[in-house]
Amino acid sequence: MKRIIQHPFNIRYLSLILAPLAAGCQSNTENAPKHPNVLFILTDDLQASSIHALGNNDVHTPAIDSLIAAGVTFTNTYTNGALCGALSMPSRAMLMTGRGLYDIQADGMKIPEVHTTFPQQFKRNGYRTFATGKWHSDMASFNRSFQEGDNIYFGGMHPYELNGHCSPHLHRYDSTGVYGQETKFIGEEFSSKMYADAAIRFLQTRKDDKQPFLAYVAFTSPHDPRNQLPAYGQKYTPDSLSLPANFLPAHPFDNGEMDVRDELLVPAPRTGEQIQKELSDYYGMISEVDVQIGRVMQALQETGQADNTIIVFASDNGLAVGRHGLLGKQNLYDHSVKVPLTLIAPAYKGQKGKKNHALCYLHDIAPTLCELANIALPESMTGQSLCHVLEDSTATHRSDLFLAYSNLQRGFVSGNYKYLIYNVSGTITEQLFDLQNDPLEQHNLLPGQEETAHNLKEQLAFRMEEEKDFCDLSDSRWWQDGHKLTFDEMQHLYIYE
């Protein structure tokens with residue numbers, strides 16, 4: 001029960017690897033396998049706008065591009081938001097449970113037993129479940145979800161002071177769920193390679209196994225530290241890179257998170273040259289993880305299971321990297337809350353390379369996977385399956401999206417418009433963007449379109465009440481005395497027993 005407290009590889013072969021998945025013209029489940037395998041590839045802090053196949057000509061992502069060419073890409077996928085600065089924690093908990101921001105516990109720090117994860121549901125239905133890489137929640141929920149794993153990282157990021165991605169502090173799988181000193185070790189390879197190696201070893205064991213599997217590969221790239229890159233992958237020269245069109249030296253107003261860790265990595269105001277250097281490191285991390293994604297895909301093909309496997313590629317959230325005068329992800333602009341999402345499924349082989357523009361949340365993928373695998377949805381799952389828009393790309397999935405960050409920022413997307421409102425110590429700031437004509441959110445339509453903004457604000461307030469948001473737009477303080485929500489207060493807002 002929820003208690004609400006209202007107080008404080010080889011890329012050359014990749015097109016051949018994906019050919020069995022992309023062949024044919026069917027778009028229904030008639031000839032699809034009853035219980036297909038699932039390979040879920042998740043990246044960390046990857047902007048949808050930093051993928052070559054999605055329009056960024058500066059970055060080299062051949063493996064990800066091949067996935068996009070073989071599947072259906074949902075171009076309007078958002079994470080619901082976060083109550084604290086570590087967006088990946090709630091985003092991954094929402095992804096796992098198929099639940100929204102106000103339906104998870106402590107911003108995802110813990111996934112309680114009453115919230116069934118989709119791997120847990122697959123395991124209950126006879127799947128062999130495996131994970132490698134990042135788990136940004138409690139260890140007990142990891143073991144409830146996966147019966148196997150290797151090279152597991154419990155935490156948010158590889159610390160700078162511990163040599164970052166070059167010396168990842170990992171765990172072997174512990175069937176007891178304790179994960180003490182005896183399971184700890186320091187990886188000898190770059191983090192992405194460690195995770196890909198573990199995934200490849202698991203896939204190699206599946207070659208002659210008839211039991212369906214679910215493999216979850218959660219990379220920690222391109223999240224910083226980005227101060228050391230491995231020898232493999234594309235390297236970038238800063239002055240050869242284009243500055244984002246919405247680059248600003250500094251954000252034009254205080255959004256309540258100007259001194260969060262991400263924003264202090266390069267203090268504002270920032271020069272174009274500084275951002276080009278940040279982009280060169282960021283793109284370098286994207287390209288290195290792309291290489292490892294290619295290796296995992298090649299291993300899947302070699303098992304002979306590729307045409308019987310659902311493949312999901314996504315990121316937990318995006319990142320600013322100079323856009324709107326910001327570096328981090330503690331904001332509600334599209335570069336930070338909009339994520340890449342590509343789905344390749346045996347039931348929809350004929351939809352290779354298609355773009356679907358339906359509004360959706362990242363946590364809608366959990367019920368989608370259950371439906372594609374002919375597995376009943378657990379009662380705790382509240383997301384909405386995307387299968388109906390896979391069948392009919394003109395269908396409406398969600399009429400609008402509600403976005404939230406801390407008690408500082410709220411957002412609402414409906415039709416072509418996006419409305420943002422900020423309350424920083426009682427100072428209210430509003431923005432209105434026409435996403436169709438201004439996808440980079442450069443031109444605030446306020447003042448000028450007050451009626452549109454007012455209507456969207458009313459719809460936002462309704463959604464906030466419906467979702468049991470602890471903030472109230474009708475109160476000038478929004479919450480308590482108007483101070484910024486602390487980490488300790490966040491932990492006690494939504495509790496499930």
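**Figure 1. The largest pocket of the predicted model.** In this predicted model, the largest pocket has a volume of about 840 Å³. On a 1 Å grid over the protein atoms alone, a pocket is an open set of points where a 1.4 Å probe fits, with protein on both sides within 12 Å along at least five of seven lines, and its lining residues have an atom within 4 Å of a point. Grid points are joined across faces, edges and corners, and the volume is the space filled by probe spheres set on the points. The lining is made of 37 residues, and those closest to the centre of the largest pocket are Ser-49, Asp-334, Lys-338, Pro-439 and Leu-440. Two or more lining residues come from each of β3 (72-78), α9 (334-337), β11 (338-339) and β13 (354-361), where helices (H or I, at least four residues) and strands (E, at least two) are DSSP runs numbered from the N terminus. The largest share of this lining, five residues, belongs to β3. Sorted by class, the lining holds 15 nonpolar, 16 polar and six charged residues; Ala, Val, Leu, Ile, Met, Phe, Trp, Tyr, Cys and Pro count as nonpolar, Asp, Glu, Lys and Arg as charged, and the others, Gly among them, as polar.

Figure 2. The domain assignment, which is automatic or taken from a database, divides the chain into domain 1 (37-395) and domain 2 (401-492). The C-alpha centres of these domains lie 26 Å apart, and their contact (heavy atoms within 4.5 Å) takes 33 residues from domain 1 and 32 residues from domain 2. Because both domains give residues to its lining, the second largest pocket lies between them. This pocket has a volume of about 260 Å³ and is lined by 17 residues, with Tyr-361, His-363, Gln-384, Arg-398 and Glu-467 nearest its centre. At least two lining residues are supplied by each of β14 (400-405) and α12 (450-466), and β14 gives the most, with three residues. By class, three of the residues lining the second largest pocket are nonpolar, eight are polar and six are charged. The lining of the largest pocket, too, draws at least three residues from each of domain 1 and domain 2.

Figure 3. All 10 of the 10 residues of helix α3 (residues 88-97) are buried, where buried means under 20% relative accessible area, exposed means over 50%, and partly exposed lies in between (1.4 Å probe, protein chains only). The buried residues of α3 include Ser-88, Arg-92 and Thr-97, and the buried residues of this helix pack against β2 (37-43), β4 (81-82), α4 (118-124), β5 (128-135), β9 (213-218) and α10 (365-372). Just after α3, Gly-98 takes a positive phi of about 65 degrees. Helix α2 is also mostly covered, with eight of its nine residues buried, among them Pro-62, Ile-64 and Leu-67.

Figure 4. Most residues other than glycine have a negative phi, and most peptide bonds are trans. Asp-45, although it is not a glycine, has a positive phi of about 70 degrees; the residue is placed in the loop between β2 and α2 (62-70), and Asp-45 counts as buried because its relative accessibility is 1%. Tyr-179 is likewise not a glycine and has a positive phi of about 55 degrees. Tyr-179 is found in the loop between β7 (169-171) and β8 (184-186), and with a relative accessibility of 4% it counts as buried. A cis peptide bond, with omega of about 0 degrees, joins Ala-268 and Pro-269, and Pro-269 lies in the loop between α7 (261-264) and α8 (272-302). The peptide bond from Leu-446 to Pro-447 is cis as well, with omega near 0 degrees, and Pro-447 sits in the loop between β17 (427-434) and α12.

Figure 5. The end C-alpha atoms of residues 36-375 lie 11 Å apart, and the span is 28% helix and 19% strand.

**Notes on the model.** Residues are numbered from 1 along each chain as its sequence is written, and side-chain values use heavy atoms, with hydrogens and water left out. Since this is a predicted model, local features need pLDDT of at least 70 and side-chain atom pairs count only at pLDDT 80 or more, whereas totals for chains, interfaces and linings use all residues.
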